[in-house]
Amino acid sequence: MNKRLRVIAWVSTCVALAGLLFWAYRRFVLLHPEPTLTWVRGGITYELLNPKMLGAILLAPWFVGVLSQSLADLPWPQRVLSVLLRISFVALLALGLSRLARTATTEKVCTVYLVDVSDSVTDEALDDARAAVQRAWAEKPKDAVVKLVTFAKRPRVVEVAEGEENGKPPPITRHESADKAQSESLGAGSNLQAALQLAYGLYPQGYLKRAVLLTDGVQTEGDILAESNRAKELGIKLFTIPYRRPAPPEVAVRELKMPERVKVGETFAIHADIYATRATKARARLYQGEALNGLEGIKELDLKAGPNDVIFKSVVRLPGQVTYAFEVDEIPADKFKENNKYATTIDVPGRPAVLYIEGTPQHAGPLSSALTAQQLDVDVRPPAGFPASVKEIERFDFVILSDTPKDAVSLQAQELIETYVRDLGGGFLFAGGEAGYGLGGWYHSTIERILPVRMDNERKKEMPSVAMVLVIDRSGSMTGLPLEMAKAAAKATSGVLSSDDLIEVIAFDSAPTRYVKMQPARNRSRIAGDIARIQPGGGTEIFPALDAAYQDLTVTQARKKHVVLLTDGKASSSGIRDLVSAMIAESITVTTVGLGGDVDEQLLKMIADVGGGRYHAVGDANNLPRIFTKETEMIARAAAVEEWFPVTQVGDAAFLRGVDVRTAPNLHGYVSTKMKPPPAVELLQSDTQEPILARWRVGLGWTLAWTSDVKSRWAVEWLRWPGFERFWGQLVHEHMRQKHRRELDMKAEVVGGRLRASVDAFGADERFENNLTSKLSIIVPGGETKVVDFRQTAPGRYEIDEPLDKYGSFLLRAEHMREAEGGAMKQVAVSFGHVSNPYPKEYASFEADLPTLEKAALATGAAVDPASVQAIFDPGGEKVTYHEELWTRFVYAAIVVFLLDLFVRRVRLFDRKFLPKRGARPSGQAASARGA
């Protein structure tokens, strides 16, 4: 009975303890109005951030309750100790899970040094920055923390772990990369705002925040003043230390100022803003397009320290976009070369501009006058004056290339014409003449590819073929390379001729020998073998060899008869003029080739002039095959038709309306060509159904082929035709650039290294045009094109904001499209523009921006040029109050208590002499025996 009372009393006690604990838990935790529990002790505030986890202590009565029923044979004191350890374990674990924390204050300071290492910073200024950081490391308080950030275009954190261990700061170096070009760009900028933003994440908890900015204050990106206000809100004091070393010797072209409006033919002033860090001398050059400015192209300058205003006078003769490029050189001392150039483009309004490239400029008057009378501005140039860049050719609305041989127009210029037509929508007319089409060697050229006609016209079967005789000098002086290259040239000639053409090869010294007798060129293998048999001989006699060629050609039936004479020496001229005169009377033309510097040039020129051919002076024998094949193409592939014929209109075009071609006089010649398949369109043809005028579209523009000439030879009667001016004027007006497209004005500028362009789209009714699909093509330096999309930001307004990662002059072309029926995109308008981003802004200014640095420091409550390191690390009465988490301590203590509990339950601490009775049976077995 006593035992039962003890059990009841024990259970009652445990239940009462559990009820008391639950009441306290409900009263102070579950019903507490705040989510956390807070109390103050000794001036320190403690807080349980997750107090509901204190409910784990409710397990304590369970451990007390099971104590009376323990099967362990440990002494009572030891069992009680074990229960107390278990209750302590649960209590410590509950406090840990409840996240006990306390508030603490500190006056420790963490300072982040922000060091400008951009290209505009001199080595001496960088040494000053290193010294300032060294002093901070040496004089900082023991409990202070110093961190380091270097910045140029982008900021970088410099690891300081090793520096803190050995008491030395980490090295401060400029930003470099393994790629040299990339290394140069890394330092070509100063972003103070990004450096301060990076510092925000470097401050450890429980420290006052300080930042020290060592820079010249020149910003190429970002806004340090705006960021300093944010830094103040975050509790950061920003000290600024300007670099005060003298700027390096430097001359920078900062701007090229143009008048807002420039008129054609009106003189105006161009102001160049040149900044010099110290007085120096220099030379300035101003280019208009690709040539030096006509009025003032070069000036010798005496620059003073600071800004300089240099004035050049200029005049624009033709309307359109004109690019001015300004360069400064011959500077005694200059650190950066990138900022010595500046280019900008102006738009000069006026009449449409036509570029007229004429092989014989002295004969350009008739067409130039006709176009001028039709309200067009014409710029006549020889082939050598062809534009060298897209920037220059885009000024013109139409380009004419007339009677010019292929050799006079570089491959780059030909590709430029293709780009002008295809990408810029320009118009291009290719006119014939004695050096046009195949006569000028244009076969298989870029120009032929973009024209609507082919230059390898198939001859009519009733037409005789071409007969060519090659008269080759094989005298002793031709031994070796000259004769071998002459034979190679002869073989190449047979390869160029068509199968029905005739060829003969006569080699001569003192007498002529017919190595290849007159035969069709289809026998190429046999002809090549016969040519290979030519061997050097003795003297040089030209007359017998020419006479042999004359005798053979007079009995040969051919459409064109031509002789090519090659020699490297001198010979008697007796009778040669009369012989060549007789040959030309028989329609046999003669071309001469002089090899080396010991030829009778006067004699060879006379033969070519009298014989109606050409004279070629060749200094290098290796060029002989090229000369021979060119001559063959001119004769065999595109023979001129020189006879009077009427012009017939066979196609319809808007520019022909109002022009009655039937009243036009006859033309006196043209170059034979053949139409390409559609979409090429033939407009005018000869009486033999060969094209005279044809056109087709190439990309955004037009190309036209006029197979006659526009001068006083083949078109001599057309020059007096009353419809001549109207015919050419209407042709140019219809096919010139932007004729069929609506153009919207584009505003473009470069701000902070980013291209900002905008277009306002209005319809014909002055209403906004919305929902257009607009794309901008940015033609970057080097010819690469980058395409980006406009986005609509307001009714009728389309904008773009794109970074420019290259420097130079940028051509802009925008296409505005709308979805038509069927889902196809239809172009409704275009826009053109031009911007200049000459060099990084880092190279434009080198004087410290003291006002900006002073404002940034004062905005955060700091100062410029702090008196000492102690002033930077002085807390100034500020304290940082922060939460110190204590839960980890209780977790560690719980682990220790748990291990002690295991020890108490496994090792007898009291009654060490206790031993079980020998032979004693377990209590279970004894009970069983008694029951039995």
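Guide: A convention on charge comes first: Lys and Arg count as positive and Asp and Glu as negative, while His and the chain ends are not counted. The place of a charge is taken as NZ of Lys, CZ of Arg, CG of Asp or CD of Glu. The model is a predicted one, in which local features need pLDDT of at least 70 and side-chain atom pairs count only at pLDDT 80 or more, whereas totals for chains, interfaces and linings use all residues. Residues are numbered from 1 along each chain as its sequence is written, and side-chain values use heavy atoms, with hydrogens and water left out.

Visitor: How far apart are the mean positions of the positive and negative charges of the protein?
Guide: The protein has 114 positive and 114 negative charges. The distance between their mean positions is 14 Å.

Visitor: What is the radius of gyration of the protein, and what does the globule rule give?
Guide: Helices (H or I, at least four residues) and strands (E, at least two) are DSSP runs, numbered from the N terminus; the protein has 23 helices and 43 strands. The protein is more spread out than a compact globule, because its radius of gyration is well over the value of the rule for 932 residues. The radius is taken over C-alpha atoms, and the rule is 2.2 Å times the number of residues to the power 0.38. The two values are 48 Å for the protein and 30 Å from the rule.

Visitor: Which share of the contacts in the protein between residues at least 6 apart in sequence joins residues at least 24 apart?
Guide: Contact means heavy atoms within 4.5 Å. Among the contacts counted from a separation of at least 6, the share joining residues at least 24 apart is 73%.

Visitor: Which elements do the buried residues of α14 pack against?
Guide: Buried means under 20% relative accessible area, exposed over 50% and partly exposed in between (1.4 Å probe, protein chains only). In α14 (residues 524-532), Ile527, Asp530 and Ile531 are buried. They cover an arc of only 100° around the axis, judged by the directions from the helix axis to the C-beta atoms, so they lie on the same side of α14. Their packing partners are α13 (481-496), β23 (502-508) and β24 (512-520).

Visitor: Which exposed residues does the face of α14 turned away from its buried side carry?
Guide: An α-helix has 3.6 residues a turn, so residues three or four places apart point the same way. On the face of α14 turned away from the buried side, the exposed residues are Ser525 and Arg526.

Visitor: Is Ser758 buried or exposed?
Guide: Ser758 belongs to strand β36 (residues 754-760). Beyond its neighbours within four places in sequence, Ser758 is in contact with residues including Asp745, Arg797 and Tyr798. Because its relative accessible area is 13%, Ser758 is buried.

Visitor: What is the relative accessibility of Glu330?
Guide: Glu330 lies in the loop between β15 (320-329) and β16 (341-348). Although Glu330 is not a glycine, it has a positive phi of about 55°. Glu330 counts as exposed because its relative accessibility is 52%.

Visitor: Which peptide bond is cis, with omega near 20°?
Guide: One of its two residues, Pro679, is in the loop between β31 (674-675) and β32 (681-685). The cis bond runs from Pro678 to Pro679.
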